[in-house]
Amino acid sequence: MESQEDQIGMYGFKTNVRSKPSDVVVRINFFEKILHTSYSITFRKLIIISLIYVIILLSFIAYLLSNFVRLPYIVFGNLLLLSGSGLLLSQLLFTNAFTGTLMKSSILFALQQWDRLLIHSRRKQKFKKIGIKGISKDNMIVFSNGEVGRIYEADGFVSSTLFPEEVRHIEKEARNYNRSRGKNCVEIKITSSQRQNTEIQQENLRKMYAKNVNIKGIADICQQQKQVLEQYVEGKKLTVIQHIVLRGSSERALLEHEERLFNYVKRGLYYKIRTLGKEEQERYLVTFHNLK
């Protein structure tokens, strides 16, 4: 039996049976030990960025050797420019599983500092946090700014064993869904992971065992499956859960978007969408929105 770490992986990357060799992620132990963080590369990125850097290097050499008279005056500045280009390309090369490329992280950090400067200079309004007043009797979340919303649990179709035609169909429906989405309702998708709960599976096995206790083969299989669930799955394996939060400017806008969402479920965008009840939404908001 493989360990949980071997099956799940260190960075959360999921195995894709159709991955090409150029898409294989390579771990960099040097960065893990020195920077105490997880950066990785793919062979495709390594090949493309290496070719780009070789082209830039050859262009610099050709430019420097085109005129030997000015060479002593421009060589130092051009070497600095060449080094800077290499650093920028390396930021595109190294990728973190959680934050993306180093280039993306640097751009986001610069934009955040710019926004902070604008807020301090009073050229931009400070972001106002939207609170939650509570949940109404008709199972709607009431926000502090007057908007209403609901939370849904989504069960997707996507799997590593899907055929390419099925994947393309889901991608097409997702594009159509996003393009036709209205402006009066905000859709927030939250993906979380939790320890596997096998209470339902174990209860079903107990019922099956009780019905077939006199049939030795079925009874032994039920006992074996129950033992596997208790020892290797229950509370140990991770399962990914996706929730969708809809926040509409009015009740009508929310219901229209909800109807549209369920229509796209019939078209194959999701396998199933379930609306959370009042108690479930309260428990969920306590975890993700600090609702008290």
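**View 1. Helix α6 packs against helix α9.** Helix α6 (residues 164-179) and α9 pack at an angle of about 165 degrees, and their axes lie 11 Å apart. Axes here are lines fitted to C-alpha atoms, for helices over the stretch in contact, and angles run from 0 to 180 degrees between N-to-C directions. Helices and strands are DSSP runs (H or I, at least four residues, for helices; E, at least two, for strands), numbered from the N terminus. The pair α6 and α9 is therefore roughly antiparallel; angles over 145 degrees count as roughly antiparallel, under 35 as roughly parallel, 65 to 115 as roughly perpendicular and the rest as oblique. The crossing of α6 and α9 is right-handed. A crossing is right-handed if the near helix is turned clockwise from the far one by less than a right angle, and left-handed if anticlockwise. On the α6 side, E173, N176, Y177 and N178 meet H257, R260, L261 and Y264 of α9, where contact means heavy atoms within 4.5 Å. By class, this contact of α6 with α9 has three nonpolar, three polar and two charged residues. For these classes, Ala, Val, Leu, Ile, Met, Phe, Trp, Tyr, Cys and Pro count as nonpolar, Asp, Glu, Lys and Arg as charged, and the others, Gly among them, as polar.

A word on the model before the next views: it is predicted, local features need pLDDT of at least 70, side-chain atom pairs count only at pLDDT 80 or more, and totals for chains, interfaces and linings use all residues. Residues are numbered from 1 along each chain as its sequence is written, and side-chain values use heavy atoms, with hydrogens and water left out.

**View 2. H257 in helix α9.** H257 lies in α9, which runs over residues 251-266. H257 is buried, with a relative accessible area of 4%; buried means under 20% relative accessible area, exposed over 50%, and partly exposed in between (1.4 Å probe, protein chains only). Not counting residues up to four places away in sequence, H257 touches Y177, R181, C185, E187 and L246. Y177 belongs to the α6 side of the contact in View 1.

**View 3. The pair α3 and α4.** The axes of these two helices come within 11 Å and cross at roughly 170 degrees. Helices α3 and α4 are therefore roughly antiparallel to each other. From α3, the contact takes in K45, L46, I49, I52, Y53, I56, L57, F60, Y63 and L64, and from α4, L71, I74, V75, N78, L81, L82, G86, L89, L92 and L93. Sorted by class, the contact of α3 with α4 has 17 nonpolar, two polar and one charged residues. Within α3, I49, F60 and L64 are buried, and α4 (71-93) is included in what covers the buried residues of α3. In α4, the buried residues are I74, N78, L82, S85, L89 and L93.

**View 4. The lengths of α3 and α4.** The expected span of a helix is 1.5 Å times one less than its number of residues. For the 23 residues of α3 (residues 43-65) that gives 33 Å, and the end C-alpha atoms are 33 Å apart, which agrees. The 23 residues of α4 should also span 33 Å, and the end C-alpha atoms of α4 are 31 Å apart, which agrees.

**View 5. The pair α7 and α8.** Helix α7 (residues 199-211) and helix α8 (residues 216-233) pack at about 160 degrees, with axes 9 Å apart. Helices α7 and α8 are therefore roughly antiparallel, and α7 passes α8 in a left-handed crossing. Q201, Q202, L205, R206, M208 and Y209 of α7 make the contact with I218, A219, C222, Q223, Q225, K226, L229 and E230 of α8. The residues of this contact of α7 with α8 divide into seven nonpolar, four polar and three charged. R206 counts as partly exposed at 39% relative accessibility. The C-alpha atoms of R206 and Q223 are separated by 8.6 Å, although the two are 17 residues apart along the chain.

**View 6. The loop between β5 and β6.** N139 sits in the loop between β5 (132-135) and β6 (141-143). Phi of N139 is near 70 degrees, a positive value in a residue other than glycine, and N139 is buried at a relative accessible area of 16%. M140 is in the loop between β5 and β6 too, and counts as buried at 3% relative accessibility. Leaving aside residues up to four places away in sequence, M140 touches G134, I135, V148, G149, R150, E251, L254 and L255. The C-alpha atoms of M140 and Q281, 141 residues apart along the chain, are separated by 9.3 Å.
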